[in-house]
Amino acid sequence: MSQRKHDRGMVYLLVLVTAGVTVSMGMLAVFAAAAQREVQELAIERERAALRAEAGIQIALAAIGSNDAWRSAAGGQVVATQTMDRGELTVAATDADGVLDDEATDPFTLTATATYGKARQKLAADFEIELGAVEALEYALVAQGGVTNTGSINLDFGDVEFTLSTLLLDSLNPWSGAKDMDDIGMPDPGVIAQYETLGTVLPLSMSSGGTGTLYEDLLLTIDDAESKEDRTTPNADRVYVIDGRGGPVLLNELTLVGTLVVVNATSLEITRPKTMRPSAEGHPLLLTAAPLTLNGVSKQEMSSKVKGEDPREGGPDFDQNGNRGAQGPIYVDNNVTIVNGMDMIGTLMSTGEVFIAGNVSIERNDAFLASPPPGFRSEGGPKLIAGSWRAIVD
């Protein structure tokens with residue numbers, strides 16, 4: 001082979017190799033661009049799936065707000081699978097004990113699973129049920145059946161100070177003409193049974209003659225009522241129960257530091273109590289479904305010897321220092337009669353009528369409004385627990 005032909009062959013070979021390399025590089029560039037586009041598209045799809053999951057949490061909150069039975073949804077799916085553009089969305093609710101519908105106030109977690117194209121994203125957030133005070137605790141006196149006054153009434157709650165010393169035979173509405181008393185939110189009457197289950201039933205031996213009708217100088221405090229085994233068993237909640245056994249109950253010169261629940265009574269009268277204070281647990285003062293008469297529940301009749309308790313750590317002080325009269329919420333699922341005066345720091349709530357003869361002064365206790373006891377709370381909507389928003393990687 002001549003040198004000239006050899007050189008020409010080498011040129012052809014070089015051109016072929018160069019062309020092959022060029023084509024390969026071009027194909028690699030095409031493949032790389034396609035791969036990059038796929039990565040970019042997947043990143044966009046992931047972002048859109050994440051946005052869809054985030055929106056799913058908001059959709060679930062809206063669904064919860066419009067469905068009181070959401071905790072009973074099958075599998076906890078508050079948002080059933082929804083087919084959307086290039087994907088789907090599902091939102092499920094769970095709670096820590098694994099039983100979503102056992103308690104309406106349990107915190108819960110919403111987990112949204114969303115797909116978009118080839119991408120799948122899961123987001124979760126934790127929520128708690130925001131609880132406030134039942135509306136009645138905003139006031140000093142709520143009588144759903146109205147008030148009859150032949151004495152003098154002085155009410156103090158928030159920025160409202162109301163005094164009435166003229167005859168009143170109609171519904172009392174001191175705060176505004178826009179809302180009647182029977183429109184104000186009250187505790188459910190079941191609150192009486194709720195506290196009855198917490199309490200210790202007093203034995204008949206604590207009553208005069210062992211009949212369970214008359215109680216003279218009854219001592220219901222952690223030291224007096226619970227220090228003797230023959231009286232009652234220890235009760236950390238300081239809730240004491242008197243069973244009227246179908247008859248009237250009369251308490252003369254009562255000393256109470258805690259909560260008194262009177263059940264199965266045809267009537268209840270409390271006359272000249274020495275002390276009526278709540279305990280540091282912040283429970284209500286008195287609950288009953290019997291017609292109640294409060295006779296001489298005033299600062300003049302009460303003793304200042306029994307001191308208030310220190311508040312719970314980090315909590316408000318439910319019983320104010322000094323002789324302030326009765327303290328704490330009183331709930332009566334019946335009529336109330338007040339005679340010979342009454343001084344009270346708290347809220348008097350009656351589902352019936354309130355009859356007043358004498359000088360009555362009631363000042364709202366803001367401690368119970370800020371930290372309402374069980375049974376005196378109103379359920380609000382879900383509230384996001386700060387810092388709980390998170391992505392879930394399966």
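Two strands pair if DSSP finds at least two bridges between them, and a strand is a DSSP run (E, at least two residues), numbered from the N terminus. The model is predicted: local features need pLDDT of at least 70, side-chain atom pairs count only at pLDDT 80 or more, and totals for chains, interfaces and linings use all residues. Residues are numbered from 1 along each chain as its sequence is written, and side-chain values use heavy atoms, with hydrogens and water left out.

**Exercise 1.** Find the bridge partner of M84 in β2 and describe how β1 and β2 pair.

*Solution.* Step one: strand β1 covers residues 77–84 and strand β2 residues 87–94; they pair in the antiparallel sense over 5 bridges. Step two: M84 has G87 as its bridge partner. Step three: the two strands form a hairpin with 2 residues between them, and R86 in the turn has a positive phi of about 60°.

**Exercise 2.** In the open sheet of 3 strands, state the strand order and which strands stand at the edges.

*Solution.* Step one: the order is β11-β13-β15, with parallel pairing. Step two: β11 (219–220) and β15 (275–277) are at the edges; each has a single partner strand, so one side of each lacks a neighbour in the sheet. Step three: β13 (residues 255–257) is joined to β15 by 3 bridges, and V257 stands opposite R277.

**Exercise 3.** Locate R245 and list what R245 touches.

*Solution.* Step one: R245 lies in strand β12 (residues 239–252). Step two: leaving out residues up to four places away in sequence, R245 touches L204, V263 and N264 (contact means heavy atoms within 4.5 Å). Step three: R245 and N264 are 19 residues apart in sequence, with a C-alpha to C-alpha distance of 5.4 Å.

Key. Helices (H or I, at least four residues) and strands (E, at least two) are DSSP runs, numbered from the N terminus.
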